[in-house]
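Welcome, and please open the model in your viewer. We will go from one selection to the next, beginning with a single residue.

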Amino acid sequence: MPLTEDGSIAAVGDYAGQAAKAMDNLHTALAAAGATLEDVVKTTVLVASTERRDLFTAWQVVRDAFGEHDAPITLMGVTVLGYRDQLVEIEAVAAVLNSDDLLTSN
């Protein structure tokens, strides 16, 4: 979500700004799990709008952040999100292979 450290919504009224903050928070969450955007296998972007231009604005920020990594992205317009003034929410599923999970052969 586009939350700041104090729990408030960042970039009120700004789809691109909220998408960018949500991506910053996603980077932080992935790093805490030992992952990066390259480990993301699926993303869902929720945008509180019925206007395609607003959806595209948020999607473009997310797409640019992923760069060459072409994980599937679902983009949906929704009526409302959980926090007052929240316009964007990003959900990502990452797959991380732990080195302890690797099989070795002798």
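Select Gly77 first: at 43% relative accessibility it counts as partly exposed, because that class lies between buried (under 20% relative accessible area) and exposed (over 50%), with a 1.4 Å probe and protein chains only. This is a predicted model, in which local features need pLDDT of at least 70 and side-chain atom pairs count only at pLDDT 80 or more, while totals for chains, interfaces and linings use all residues. Residues are numbered from 1 along each chain as its sequence is written, and side-chain values use heavy atoms, with hydrogens and water left out.

Stay with Gly77, which sits in strand S2 (residues 73-78); helices (H or I, at least four residues) and strands (E, at least two) are DSSP runs, numbered from the N terminus. Show Val47, Ser49 and Leu55 too: Gly77 touches these residues, not counting those up to four places away in sequence, where contact means heavy atoms within 4.5 Å. Then pick Trp59, 18 residues from Gly77 along the chain; the C-alpha atoms of the two are separated by 11 Å.

Now zoom out and colour by secondary structure. You will find two helices and three strands, in the order α-β-α-β-β along the sequence. The C-alpha trace spans about 60 × 30 × 20 Å along its principal axes. Of the 106 residues, 33% count as buried.

Next, select helix H1 (residues 15-32) together with helix H2 (residues 52-66). They pack at an angle of about 35°, with their axes 8 Å apart; axes are lines fitted to C-alpha atoms, for helices over the stretch in contact, and angles run from 0 to 180 degrees between N-to-C directions. To see where they meet, show side chains: Tyr15, Ala16, Ala19, Ala20 and Met23 in H1 face a set in H2 that includes Val61, Val62 and Phe66 across the contact.

Keep Met23 on screen for the last stop. Leaving aside neighbours within four places in sequence, Met23 is in contact with Leu37, Val62, Ala65, Phe66 and Ile90. Which residues have the most contacts inside the largest nonpolar core? They are Met23, Leu37, Val88 and Ile90, in a core of 19 residues; such a core is a set of buried Ala, Val, Leu, Ile, Met, Phe, Trp, Tyr and Cys residues joined through side-chain atoms within 4.5 Å. H1, strand S1 (40-48), H2 and strand S3 (88-94) each supply at least two residues of this core, and H1 gives the most, with six.
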